[in-house]
Amino acid sequence: MDFGNVFLNPEIIATYMPQMVRAVWVTIWISVLVVISGLALGAFLAGLRAYQKRWLAWPIVLFADLMRALPPLVLMLILFFGLPSLGVILSDWFVLYLVLTLVLAAFVEEIFWATLTSLPRGQWEAGAATGLSFNQVLVNVIFPQAVRTNIPQLVNRSLTISKMTAYGSVIGVKEIVSVAGSAQAFSGSATPLTMAAIAYLIIFFPAMLLSRYVENRFHYDH
Amino acid sequence: MDTIINAFFNIDIMRQAAPLLLKGAWVTLQLCAVVIILGISGGLALGLLASSKNAAVRLPAFVFIDVFRAIPPLILLILIYAGLPFIGIRVPPFVAVCIAFLLNNSAYFAEIFRSGIKSVARGQTEAARATGLSPAQTQAYVILPQAVRNVLPDLLSNVVEIVKLTSIASVVSLTELLYSANMARAVTYNSSPLVMAALMYLVVLWPLVRVISRFQRGLSISS
Amino acid sequence: MSASQPLPTLEITALEKRFGETQVLRSIDLKVANGELVFVIGPSGSGKSTMLRCCNRLEEPTSGAIHVNGKPMLGITRRDLDRMRLQVGMVFQGFFLYPHLSVLKNVTLAQRKALKRPAAEADARALEMLDKVGLKHKANAMPGELSGGQQQRVAIARALALDPKVMLFDEPTSALDPELVGSVLKVMRDLREGGMTMIVVSHEMQFAREAADRVVFMDGGVIVEQGIPDEIFGNPKSERLRAFLSRVSGEAA
């Protein structure tokens, strides 16, 4: 048996390359959107929670707990199959984007909140004493420090959740896994699956190295 | 309101689906037990290799860790389950999941153990060696206990991630919790079984998530 | 109060502060005239820091009134409070520079955001103030690279850059190594000579003797005695002040 021919058949690679490249782009742009909106939403929620209003904090904590405790795949299936019975029909990629954004936001909120509560009170007071408003202290003094101390965690969590774009295959998003899966079924070859694994390596291996660099760079910085 | 209750919290349908879901939950539980033990053992071994002073040992460990952290576990699982039969190896879903999880989880656990080992002061090794402990004894009795304590929150949160991750086994038709719930949904044309599965995950994972939050806050205050 | 009398720069009237059951401040009255340096002494727990922190409402008074140049600090909107705080500079025991910003940015942040000064003007003002505290050459350093004494001088420059009417010093040298105390006290002395109105809570009795216009002794949440330094240190009237002074000089010896 020719191992290479099964997992890396040149003809099959050539046939499915264009589809695979398109799928890689889908994976990349959904990931980028998720990371941008997840970080922004998570930071925003942590900021809201800093106002120390119970009616604001409770829903945020509940949201963060649920999103961290539930498997994203379960959430996706509930939205994808459940919402239509309420007359709300979301496209497959939007369900993927929405769920991953919410999950990332939940983790980011917790990461920021832990830092927000642990910064010395004096940082808040020094800002207030110089006439900065609460919002100005939050934006100019507290958040920059929270970002700095948490860069490794934020990078790692963003990467982990970006890889969950693979779950899109379950609801039919034309990303890497789903394209590879149907290509494998059509061609009767394992090669498209190998191509998918290699595609992820090309995207995320450099990202892993980057996260190592970031970790070493920022680890002893505070 | 009624439509929402009917579509997501339909008690009749949940009652019908309950036996199937409980069976699925039992499979998920067994799966968790196996893959967590495999992942921690593999991760510990790999983490020790990655902490080695010898670059010839350390570098391959790093490559393994980064490769399997870069590949989504779902594609790994499909590659094993659907790919291996092409070279004549047919593995049942449960075994395929175990192999995929071993590769993926070991990499993640290894990274946690490695950072834990790195967090233990150098002087600890020297002190232990100076009292005549062998390198292996030093690791086992002095370094690892401290390392594990330092990364306990990370270990716990990785366990939570793994429990959630077992839901991808539904993709290769392993009849675990999510697969059973999704099957019940398809049969009843109603999403309540999925909500029920979500609640079952919550019962186990919510308390853990709370504990992790507590941990994180305590940790960042002390540091 | 007669119309001819000049308005006090800072006026504290019947100030009370309770933390739950504990009464920390009871009926404090204090007027600080323009250009005056008032030095506050007293045992720990006497309420002197709390009084200082009430002046810019980092601590919320339970009752009473505080006026800066005749304008109320209490019973005003959040936004007006932020504006009033610009007139009250504060220096903390723990410095609290922003560790993620350069020295220069530490001094320009509130100028830009709270005073809305243009960047060039804020930079110029910051450099001027840094020069005043002898740290112009450190403008581009990060706070973590500075000694404690240098950090505290930057913190003073940060407050001064906002042109406050009064400066509050909350144990500014207590967290410093002994050899670094002098540089901070020198900056404070320069400020006094420049006519800045100051309230200083501190244990530096020598500095109080030399530089203070008036010394206020607090104990148990009340002002027990006040007067010029020579009187307070040379001829204490109350038993409590005598006990405090002998304890302090005993520690110093």
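The dialogue below treats chain B and then the sheets of chain C.

Mentor: Please note that this is a predicted model, in which local features need pLDDT of at least 70, side-chain atom pairs count only at pLDDT 80 or more, and totals for chains, interfaces and linings use all residues. Residues are numbered from 1 along each chain as its sequence is written, chains are lettered from A and ligands numbered from 1 in the order in which they are written, and side-chain values use heavy atoms, with hydrogens and water left out.

Trainee: How many helices and strands are there in chain B?

Mentor: Helices (H or I, at least four residues) and strands (E, at least two) are DSSP runs, numbered from the N terminus. Chain B has 10 helices and 0 strands. Its C-alpha trace spans about 70 × 50 × 25 Å along the principal axes.

Trainee: What share of the residues in chain B is buried?

Mentor: A residue is buried under 20% relative accessible area, exposed over 50%, and partly exposed in between, with a 1.4 Å probe and protein chains only. Of the 223 residues in chain B, 49% are buried. By contrast, B:Arg15, which belongs to helix α2 (residues 11-50), is exposed because its relative accessible area is 60%.

Trainee: What is found at the start of α9(B), and what just after it?

Mentor: At the start, a side-chain oxygen of B:Glu176 comes to within 3.2 Å of the backbone nitrogen of B:Leu178. Just after the helix, B:Tyr189 has a positive phi of about 55°.

Trainee: Let us turn to sheets. In what order do the 6 strands of the open sheet in chain C lie?

Mentor: Strands of a sheet pair through backbone hydrogen bonds, either parallel or antiparallel. Two strands are taken to pair if DSSP finds at least two bridges between them. In chain C, the order is β6-β7-β8-β3-β9-β10, with mixed pairing. The edge strands, β6 (88-91) and β10 (222-227), each pair on one side only.

Trainee: Which strands of this sheet show parallel and antiparallel pairing?

Mentor: Strands β7 (residues 166-170) and β8 (residues 197-201) of chain C run parallel and are joined by 5 bridges; there, C:Phe169 has C:Val200 as its bridge partner. Strand β9 (residues 214-219) of chain C runs antiparallel to β10(C), also with 5 bridges, and C:Val215 is partnered by C:Gly227. These two strands form a hairpin with 2 residues between them, where C:Gly220 in the turn has a positive phi of about 60°.

Trainee: What is the strand order of the open sheet of 4 strands in chain C?

Mentor: That order is β2-β1-β4-β5, and the pairing is antiparallel. Its edge strands are β2 (22-32) and β5 (71-72). Strand β4 (residues 63-68) of chain C is joined to β5(C) by 2 bridges, and C:Val68 stands opposite C:Lys71.

Methods:
Polar contact = N/O pair within 3.5 Å; in protein donor to acceptor, adjacent residues only side chain to side chain.
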